[in-house]
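Dear colleague,

My findings follow it, arranged by topic.

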Amino acid sequence: MTDLRELAAFVHRESGIVLREPQHEALQAAADRAGASGTPHTFLQRLVDEVTVKETYFLREMQQLSEIDWYEMLARARRAGRERIRIWSAGCATGEEPYTLALLATQAFGEPAPVTILGTDISARAVESARRGSYRPRSTRELDSSTRQRHFVDARDELAVAERLRALVTFAQHNLVRDPCPPLGEPTFDLVLCRNVLIYFDGETVDRVVASLERSLAPEGELLLGAADTLCRGAGRLRVPKPVKAVKPVPRRSAPRKPAPAVASIPEPLPSEPHFLDGLAHLEAGNPAAAIDALRRALYFAPRLAAAAFQLGRAYELAGDPGAARRAYAQVLRTLEAEEGVNEPLLDQVEVADIAAAAQARLGSLA
Ligand SMILES: C[S@@+](CC[C@H](N)C(=O)[O-])C[C@H]1O[C@@H](n2cnc3c(N)ncnc32)[C@H](O)[C@@H]1O
């Protein structure tokens, strides 16, 4: 067990990924698979490869991507004296995200689109597969037939990205926790995406990585985090709106999203709010027992408050109680389903769909 704890600590140090005790059995299996042959260095690289979750597909979280203002971005690049937009997809897994961006840029500008896209991932295996650019139906399920015909070629039972899109994208291995940001030799970027990566990190690592991604932006550049990742940022970065009638959106560097369709406003101070804030503060201070206490109190006053149920799940995870965490996340999904999108927006900029996505991601990683 001590060895496994050391291995988990190594994985955390090297990659930012948190593996709690309930996941140690899986870690043991990963270590067995990784350790069959090779040097200690290759063993460690393979171990990180084994424990990273690489689920991804073309056009993922398309609502967010459809809000990219390609023309404005090109205008900004030109103001900076460049003829091409520069994009970084950090934690791109097997490449579907950067190729999706190449596709969207091509749809916006025609061919050849004035963009260069860098896709990076900690996993050497994922980067290799991204360079191959050939995908099974699971990855390409969201692509319509005209897109398939125009931008892909059949490769047996897979679809391969056509050369015109490939020409816009390069790949490199890069560790967000250990390596310089922007990656060595790369200038800053007009757009940085880091989606569904931070959900596997602890709060402190999330904040550190987000800060280094922000430093990788060109002036006026934008950072796009995944919906679920936004929820995993530290409490210090979560802005809680005052209980007044109109809440002004807080300006931020990340690209704005359209408001969720049916989110109720907060008419007057809620008794749940101080408990909720207490819970967040305890969670960030690494005190899960007190966080659980406060968040349960918040839910006593506001049983429909999915954001509190979500944070309760995180607190249970921190306390090493995955069963209770799963129940809390399941409650998030049930509440959101029953409320059909009506939920108090206690967390500024966090939409109901984001809470659902985050709960689903956590449930998946606890499965
Ligand atoms: C679930 S995939 C996300 C892929 C894509 N961004 C998306 O949203 O579909 C998460 C990826 O993050 C990568 N990752 C995890 N830790 C990392 C780190 N420290 N540095 C870079 N990539 C990392 C994993 O290898 C994995 O490929």
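Helices, of at least four residues, and strands, of at least two, are taken here as DSSP runs and numbered from the N terminus. By that definition, the secondary structure of the chain comes to 17 helices and 8 strands. Please note that the model is a predicted one. Of the 367 residues in the chain, 51% are buried. Among contacts between residues at least 6 apart in sequence, 75% join residues at least 24 apart.

Five strands form an open sheet in the order 6-2-1-7-8, and their pairing is parallel. The edges are taken by strand 6 (169-173) and strand 8 (217-225); each has a single partner strand, so one side of each is left without a neighbour in the sheet. From one strand to the next, the twist averages 20°.

Within this order, strand 1 (residues 85-90) pairs with strand 2 (residues 115-121) in the parallel sense, over 6 bridges. Isoleucine 85 stands opposite valine 115 of strand 2. As a general point, side chains in a regular strand alternate between the two faces of the sheet.

A helix also lies across part of the sheet: helix 11 (residues 203-215) covers strand 1, strand 7 (189-194) and strand 8 in this way, and runs at about 140° to strand 8.

The hairpin

Strand 4 (residues 152-155) and strand 5 (residues 158-161) pair in the antiparallel sense over 4 bridges. Alanine 155 of strand 4 stands opposite glutamate 158 in strand 5. The two strands form a hairpin with 2 residues between them, and in the turn arginine 156 has a positive phi of about 55°.

Helix packing

Two packed helices are described by the angle between their axes and the distance between the axes. Two pairs may be set out in these terms.

Helix 2 (residues 24-34) packs with helix 3 (residues 40-51) at an angle of about 135°, their axes being 9 Å apart. Helix 2 is therefore oblique to helix 3, and the crossing of the two is right-handed. On the side of helix 2, the contact is made by Leu27, Ala30, Ala31, Arg33 and Ala34, and on the side of helix 3 by Phe43, Arg46, Leu47, Glu50 and Val51. By class, these comprise 7 nonpolar, no polar and 3 charged residues.

Helix 5 (residues 70-79) and helix 6 pack at an angle of about 90°, with 10 Å between their axes. That angle makes helix 5 roughly perpendicular to helix 6. Trp70, Tyr71 and Leu74 of helix 5 meet Leu101, Leu104, Ala105, Ala108 and Phe109 of helix 6. The residues of this contact divide into 8 nonpolar, no polar and no charged.

Threonine 100

Helix 6 (residues 96-109) also holds threonine 100. Is this residue buried or exposed? Threonine 100 has a relative accessibility of 1%, and the cut-off for a buried residue is under 20%; threonine 100 therefore counts as buried. Which residues does threonine 100 contact, leaving aside its neighbours within four places in sequence? The contacts are with Phe58, Leu59 and Leu65.

Yours sincerely

Terms used. Residues numbered from 1 in each chain as written. Predicted model: local features only at pLDDT ≥ 70, side-chain atom pairs only at ≥ 80, totals over all residues. Heavy atoms only, no water. Buried < 20%, exposed > 50% of the residue type's maximum accessible area, 1.4 Å probe, protein only. Contact = heavy atoms within 4.5 Å. Axes fitted to C-alpha atoms, helices over the stretch in contact; angles between N-to-C directions. Parallel < 35°, antiparallel > 145°, perpendicular 65-115°, else oblique. Left-handed = near helix turned anticlockwise from the far one by under 90°. Nonpolar A, V, L, I, M, F, W, Y, C, P; charged D, E, K, R; others polar. Pairing = 2+ DSSP bridges.
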